[in-house]
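Here is a short note for a first reading. Keep the picture open and check each point against it.

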Amino acid sequence: MADVGANMSSIKIRTKRLNGKTQIRTLITHPMENGRNRDEQNNFIPAHHIQELWVEHNKIKIISCNMAGSISKNPYFDFLLKAGEIGDTVTISWIDNLGQSDTKNHIIK
Amino acid sequence: MIKSRRQFITKTLALGAYGITITTGILHSPIVAAKWLKQRFILSDYDETIAHLFNGETLIDNHNKIKISRLPNVAENGAIVPIKISSQFKNITKIYILVKNNPHPLSAEFEISPAVEAEVSARLKMAKTSEVVVIVEADGKFYRRFKKVKVSIGGCGG
């Protein structure tokens, strides 16, 4: 089992302010196994994928995403906030089908 | 012993994160996140998935206020297929991404608050050539748009 987020956060967040709006880009390290792939011994690799991901802006939840194993390995998402100021906090969290989870804060610069 | 300890830890983590979800949801949030519902993600037939998700609601097809970009006409690698969805509809609450010919068509559902522009990007896995279907819910109505993607090497294993 991958030791997700043991030393380094599995979540990378980048923000960019664009004409008063804020672009949020995130890249998450996660195998996103859908349970249909096989290993070298031809056994099925058990499903291991993120189920829920959510984004908070200053502790207010603004985006919630439910997903299947058909989202690519190491998922990438980007979103566009209508506002966002320097110093605001963006928090991204996820939980997977094995109950593992991670969360990360990011300050808009 | 180890097994039960591991189970205990996993369960505690799961419950903890779920608890956080609920609390932030009630105290602050303009959106109440829909829980991950297994049923809709394990259906293997596209029409069944649509029937299950929208319960007979009318889906308005090919509305030009939904724009699908970044999605290639031909995907060399079905394991990473980028998609960007944007829409001029106001009051969008939900965006669904489905891949018609995948073993399980529903890929992702996004719920967004009014603080967020209707603009979302993601990367999908596609098992084979298929139509990608985007459904947007705005003001209680559902709008659907299709785009066909030819896949050279499938990305869903099996």
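What percentage of the 158 residues of chain B count as buried? The figure is 34%. Buried means that 20 or more other C-beta atoms lie within 10 Å of a residue's own; exposed means 12 or fewer, and partly exposed lies in between, with C-beta atoms placed from the backbone.

1. Ground rules. This is a predicted model: local features need pLDDT of at least 70, side-chain atom pairs count only at pLDDT 80 or more, and totals for chains, interfaces and linings use all residues. Residues are numbered from 1 along each chain as its sequence is written, while chains are lettered from A and ligands numbered from 1 in the order in which they are written.

2. Chain A. Start with the secondary structure: 0 helices and 7 strands. Helices (H or I, at least four residues) and strands (E, at least two) are DSSP runs, numbered from the N terminus. The pattern along the sequence is β-β-β-β-β-β-β. Chain A has 109 residues, and 42% of them count as buried. Its C-alpha atoms fill a box of roughly 55 × 25 × 20 Å along the principal axes.

3. Chain B. Here there are 3 helices and 9 strands. Along the sequence they read α-α-α-β-β-β-β-β-β-β-β-β. Now look at contacts, meaning pairs of residues whose C-beta atoms, placed from the backbone, lie within 7 Å. Take the contacts in chain B between residues at least 6 apart in sequence: 68% join residues at least 24 apart. For chain A, residues 24 or more positions apart account for 55% of the contacts with a separation of 6 or more.

4. Where the chains touch. Chain B gives 41 residues to the contact and chain A gives 38 residues. On the chain B side, helix H1 (2-28), strand E6 (106-112) and strand E7 (116-124) each supply at least two residues. That side divides into 22 nonpolar, 12 polar and 7 charged residues.

5. One sheet, two chains. Follow the order E1(A)-E2(A)-E5(A)-E7(B)-E4(B)-E2(B): this is an open sheet of 6 strands with antiparallel pairing. Its edge strands are E1 (11-18) of chain A and E2 of chain B, each of which pairs on one side only. The twist averages 15° from one strand to the next. Axes here are lines fitted to C-alpha atoms, for helices over the stretch in contact, and angles run from 0 to 180 degrees between N-to-C directions. Two strands pair if DSSP finds at least two bridges between them.

6. The join between chains. Which strand of chain B does E5(A) (residues 76-81) meet? It is E7(B), joined by 3 bridges and running antiparallel. Phe79(A) stands opposite Val120(B), and Leu81(A) stands opposite Val116(B). Within chain A, 6 bridges join strand E2 (residues 21-28) to E5(A), again antiparallel. There, Thr26(A) stands opposite Phe77(A). Phe77(A), Phe79(A) and Leu81(A) form the covered face of E5(A), whereas Tyr76(A), Asp78(A) and Leu80(A) form the uncovered one.

7. Strand E4 of chain B. In a regular strand the side chains alternate between the two faces of the sheet. E4(B) and E7(B) pair over 6 bridges, in the antiparallel sense. Pro82(B) stands opposite Arg123(B), and Ile83(B) has Ala122(B) as its bridge partner. Strand E2(B) (residues 66-69) joins E4(B) through 4 bridges, with Ile68(B) partnered by Ile85(B).

8. The core. The largest nonpolar core has 55 residues. Such a core is a set of buried Ala, Val, Leu, Ile, Met, Phe, Trp, Tyr and Cys residues joined through C-beta atoms within 7 Å. Ile63(A) and Val134(B) have the most contacts inside it. Among the residues that Val134(B) touches are Ile68(B) and Ile85(B).

Key
Two residues are in contact if their C-beta atoms, placed from the backbone, lie within 7 Å. Ala, Val, Leu, Ile, Met, Phe, Trp, Tyr, Cys and Pro count as nonpolar, Asp, Glu, Lys and Arg as charged, and the others, Gly among them, as polar. Lists of a residue's contacts leave out its neighbours within four places in sequence.
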